[in-house]
Amino acid sequence: MRIYDLRQKEVINVVTCRRLGCVCDVEINLCTGCITALIVPGKAHICGILGRETEYVIPFSRVKQIGRDIILVDVCEEEILVKCKF
């Protein structure tokens, strides 16, 4: 699977049955070449004009299943929500 294929899938939290959004980026361990985390953008500012303030950084170990259209994760949303670095 390519990173582009991951970006086309919606991320669903199985704990809250809530849609978190679509993958926008990934973190990769450069030594091993393995994906360490999926990054999903948080809520946008007013009409999305000012960008985003937060994002979800989901450890790849918390991914339960990758399907044709969705990625199921088992996370506590407060723990994975981080402030964006500008």
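Reader: In which sense do E3 and strand E4 pair, and over how many bridges?
Author: This is a predicted model. In it, strand E4 covers residues 35-41. Val26 stands opposite Leu38 in E4. E3 and E4 pair in the antiparallel sense, over four bridges.

Reader: What is the order of the strands in the open sheet of four?
Author: Strand E3 (25-28) and strand E8 (81-83) stand at the edges. Each has a single partner strand, so one side of each is left without a neighbour in the sheet. The pairing is antiparallel. The order is E3-E4-E5-E8.

Reader: Which residues have the most contacts inside the largest nonpolar core?
Author: In soluble globular proteins, nonpolar side chains tend to be buried together. Here the largest nonpolar core has 14 residues. E4, strand E5 (54-59) and E7 each supply at least two residues of this core. Those with the most contacts inside it are Val11, Leu20, Leu38, Ile58, Ile71 and Val73.

Reader: Which residues does Leu38 touch, not counting residues up to four places away in sequence?
Author: Leu38 is one of the core residues with the most contacts inside the core. Its partner across the strands, Val26, is on the list of residues it touches. The list reads Leu6, Val23, Asp25, Val26, Tyr56, Val57, Ile58, Phe60, Val63 and Ile71.

Reader: Is Val75 buried or exposed?
Author: The place of Val75 is in the loop between strand E7 (70-73) and helix H2 (77-80). Its relative accessible area is 4%. The cut-off for burial is under 20%. So Val75 is buried.

Reader: Which residues is Val75 in contact with, leaving aside its neighbours within four places in sequence?
Author: Val75 and Thr16 are 59 residues apart along the chain, yet their C-alpha atoms are separated by 8.9 Å. The contacts of Val75 are Asn13, Val15, Ile58, Arg62 and Ile80.

Reader: Which strands does E1 join, and do they run parallel or antiparallel?
Author: Strands of a sheet pair through backbone hydrogen bonds, either parallel or antiparallel. Four bridges join E1 to E7, with Ile12 opposite Leu72. Four bridges also join E1 to strand E2 (residues 18-22), with Asn13 opposite Arg18. E1 runs parallel to E7 and antiparallel to E2.

Reader: Which residues of strand E1 are on the covered face?
Author: Strand E1 spans residues 10-13. Glu10 and Ile12 make up its uncovered face. The covered face has Val11 and Asn13.

Reader: Which residue in the turn between E1 and E2 has a positive phi?
Author: E1 and E2 form a hairpin, with four residues between them.

Reader: What pattern does the chain follow along the sequence?
Author: The chain has two helices and eight strands. Buried residues make up 27% of its 86 residues. Read along the sequence, the pattern is α-β-β-β-β-β-β-β-α-β.

Notes
Residues numbered from 1 in each chain as written. Predicted model: local features only at pLDDT ≥ 70, side-chain atom pairs only at ≥ 80, totals over all residues. Heavy atoms only, no water. Buried < 20%, exposed > 50% of the residue type's maximum accessible area, 1.4 Å probe, protein only. Pairing = 2+ DSSP bridges. Contact = heavy atoms within 4.5 Å. Core = buried A, V, L, I, M, F, W, Y, C linked by side-chain atoms within 4.5 Å.
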